Amino acid sequence: MIAASSLLGSVYGHRELVAELVKRELRDRHTGQLLGALWAYGHPLLLMLMYSLLFAYVFPTRVGSSGGHPDFAVNVLIGIVSWLAFQDLLARSTTILTAHASLVKQIIFPVVVLPVKTAIACALPYSIALLFTIGYAAISGTLTFMVLTVPFLIAIQLIAMTGVALMLSALGIFFRDLRDIVTIFCTVNLFAQPILFNPYAMPSWMNWVFHFNPFSYQVWCWQDALYFGTFQHPAAWIVFPLGAISCLAIGYAVFSRLRHGFGDAL
């Protein structure tokens, strides 16, 4: 709790710097392109359009009956949105500090804001994809009072992403192979979560895989909010917030412990 308070105090004290760094990162990702930063939001939206077409009109003929539930596509879309935001963060986290080596070496620069701004910059572009999914759920008839939990889930996921960014950015300086390990993990993990599987026609053994995967609890919460419309996975609503807070505390502890060696490693 003390560590979290220290981190929040540091971020709040440098909030204008964080906002500027977020804007700069989103802009620099697409420097020289005609549409510039609009691609940051356009790419997730195009992905949502593609997945909605695939799972609304192509794959339903292959997954079999959905137990009378009309919108398997919503289940997939919200899982994809939550995972892609996290996947983008994972892919960038290991090189956050090495990419800003000149800033990290400056004694007066608040290095902790770099992982925080990356977490925000990775989550922000998927806001348009989330809005698309909410709209799709409304049209499909799966939207209920559970949509009110969306701001809570956004906050919890951002906490988890910040914790992961802090940990991986610190470890990535000393263990350069971590980047390739994370890349492989991101490729495999999409299929180890309850995203692309019909919840009404799924092998029972897959449930064991999902329960051992910490990312599944995040997906289940999002699916409850926009697909099931009820607390279909009550345990996930306990595990996900507690896991996110623990992740932030551990990530900040690792970052603080290794921080004194950043300059020498770079």
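Axes are lines fitted to C-alpha atoms, for helices over the stretch in contact, and angles run from 0 to 180 degrees between N-to-C directions. The model is predicted, with local features requiring pLDDT of at least 70 and side-chain atom pairs pLDDT 80 or more, while totals for chains, interfaces and linings use all residues. Residues are numbered from 1 along each chain as its sequence is written, and side-chain values use heavy atoms, without hydrogens and water.

The axes of α5 and α10 cross at roughly 20 degrees and come within 9 Å; the two helices are therefore roughly parallel to each other. Their crossing is right-handed (the near helix is turned clockwise from the far one by less than a right angle; anticlockwise gives left-handed). Helices here are DSSP runs of H or I with at least four residues, strands are E runs of at least two, and both are numbered from the N terminus. Against α8 (residues 113–123), α5 packs at about 140 degrees, with the axes 8 Å apart. This makes α5 oblique to α8, and the crossing is right-handed. Between α5 and α9 (residues 127–140) the angle is about 165 degrees and the axes lie 10 Å apart. Accordingly, α5 is roughly antiparallel to α9, and α5 passes α9 in a left-handed crossing.

An unreviewed UniProt entry annotates several spans as "transmembrane region", including residues 72–90 and 96–116. Residues 72–90 are 100% helix and 0% strand, with end C-alpha atoms 27 Å apart. Residues 96–116 are 57% helix and 0% strand, and their end C-alpha atoms lie 10 Å apart.

The largest pocket holds about 380 Å³ of space. A pocket is an open set of points on a 1 Å grid over the protein atoms alone, where a 1.4 Å probe fits, with protein on both sides within 12 Å along at least five of seven lines; lining residues have an atom within 4 Å of a point. Of the 17 lining residues, Phe86, Val164, Pro214, Phe215 and Cys247 are the closest to the pocket centre. Two or more lining residues come from each of α5 (72–93), α10 (150–174), α11 (178–189), α13 (215–228) and α14 (236–258). The largest share, five residues, belongs to α14.

Terms used. Grid points are joined across faces, edges and corners, and a volume is the space filled by probe spheres set on the points. UniProt positions are given in the numbering used here, feature names are shortened, and annotations may be inferred rather than shown by experiment. Angles under 35 degrees count as roughly parallel, over 145 as roughly antiparallel, 65 to 115 as roughly perpendicular and the rest as oblique.
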